[in-house]
Amino acid sequence: NGVDFERYIFTKEELAGVRKQLGLLDLPIILFVGRVDDPRKGLDVLIQAFRRVRDEVDATLLVIGGGNQTLARNLAGSVLNRVVFLGFVDDIILKKCYALCDVYVSPARLEGFGLTIVEAFAAGKPVVATNVGAIPELIQDGVNGMLIEKDNAFKMADAIMRYLKDPTFSKESGKINVKIAETKFKWDANAKQLEKIYKGLQYQ
């Protein structure tokens with residue numbers, strides 16, 4: 001898997017335009033990308049964590065992905081006015097949302113590769129994610145992201161607030177992630193690597 005690294009770079013004017021287009025307030029943005037009604041994606045845990053975050057930091061939870069939103073909206077309760085459900089969006093809007101957010105969160109209970117995490121890397125964002133599946137292969141805890149056990153809304157909230165309250169720590173994590181995306185997950189390099197494996201198999 002890989003990403004087109006260059007496609008996540010936007011000007012300040014472009015990002016201001018998409019913020020206005022989506023009606024987003026000038027507040028820190030926590031981003032989730034995934035099917036909203038799939039329990040494996042853990043949006044319910046993130047919403048619980050966000051309720052705690054909102055006790056200390058005025059922020060927006062931006063939720064992108066298809067599926068029935070009823071349960072998630074009901075769970076948001078008193079913080080629903082700070083949760084923005086976009087549903088399915090096109091590829092350009094999605095990439096701009098990655099670029100616009102302050103922290104990306106992957107609260108998954110079950111995950112394979114975690115492509116959305118690499119997409120957040122390409123946008124230069126710090127990541128809070130659960131310690132499941134292949135995610136630990138992408139994130140070095142406390143360096144380019146923060147790993148927490150699944151279903152722990154309290155620790156998830158603490159990790160999110162660490163990034164929102166410490167811009168320097170957040171920026172440094174983002175810089176590391178850009179480098180990771182550029183050196184390890186560019187599509188052309190990964191395609192060549194896969195091609196080399198296939199060619200090697202021909203002679204075995």
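**A loop, some rings and packed helices**

Mentor: Let's begin with Asp 151, which is partly exposed because its relative accessible area is 43%; buried means under 20%, exposed over 50%, and partly exposed in between, using a 1.4 Å probe and protein chains only. Before we go on, this is a predicted model, where local features need pLDDT of at least 70 and side-chain atom pairs count only at pLDDT 80 or more, while totals for chains, interfaces and linings use all residues. Residues are numbered from 1 along each chain as its sequence is written, and side-chain values use heavy atoms, leaving out hydrogens and water.

Trainee: Thanks! Where is Asp 151 placed?

Mentor: Asp 151 sits in the loop between β6 (145-148) and α7. Helices (H or I, at least four residues) and strands (E, at least two) are DSSP runs, numbered from the N terminus.

Trainee: And what is its phi?

Mentor: Asp 151 has a positive phi, about 65°, although it is not a glycine. Most residues other than glycine have a negative phi.

Trainee: New topic: how many aromatic pairs are there?

Mentor: Searching the whole structure gives four aromatic pairs. Rings of Phe, Tyr and Trp (its six-membered ring) pair if their centres lie within 6.5 Å; planes under 30 degrees apart count as stacked, over 60 as edge-to-face and the rest as tilted. Tyr 98 and Tyr 104 are a tilted pair, because their planes are at 50°, with centres 5.7 Å apart.

Trainee: Is Tyr 98 buried or exposed?

Mentor: Tyr 98 is buried, at 0% relative accessibility, and Tyr 104 is buried too, at 1%. Phe 113 and Phe 185 make an edge-to-face pair, 5.8 Å from centre to centre and with 65° between the planes.

Trainee: Which parts of the chain does that pair link?

Mentor: Distant ones: Phe 113 is in the loop between β4 (103-106) and α5 (115-122), Phe 185 is in the loop between α8 (167-184) and α9 (187-201), and they are 72 residues apart. Phe 113 is partly exposed, at 26% relative accessibility, whereas Phe 185 is buried, at 11%.

Trainee: What else does Phe 113 touch?

Mentor: Leaving aside residues up to four places away in sequence, Phe 113 touches Asn 1, Val 118, Ala 134, Leu 138 and Phe 185; contact means heavy atoms within 4.5 Å.

Trainee: Now the helices! At what angle do α7 and α8 pack?

Mentor: About 100°, with their axes 5 Å apart. Axes are lines fitted to C-alpha atoms, for helices over the stretch in contact, and angles run from 0 to 180 degrees between N-to-C directions. α7 and α8 are therefore roughly perpendicular to each other; angles under 35 degrees count as roughly parallel, over 145 as roughly antiparallel, 65 to 115 as roughly perpendicular and the rest as oblique. Residues making the contact include Arg 162 of α7 and Phe 169 of α8.

Trainee: Where does Arg 162 lie?

Mentor: Arg 162 lies over the face of Phe 169, at 3.9 Å from the ring centre. A charge counts as over a ring if NZ of Lys or CZ of Arg is within 6 Å of the ring centre and within 35 degrees of the ring normal.

Trainee: Last one: how do α2 and α7 cross?

Mentor: The axes of α2 (residues 43-53) and α7 (residues 153-165) come within 8 Å and cross at roughly 55°. That makes α2 oblique to α7.
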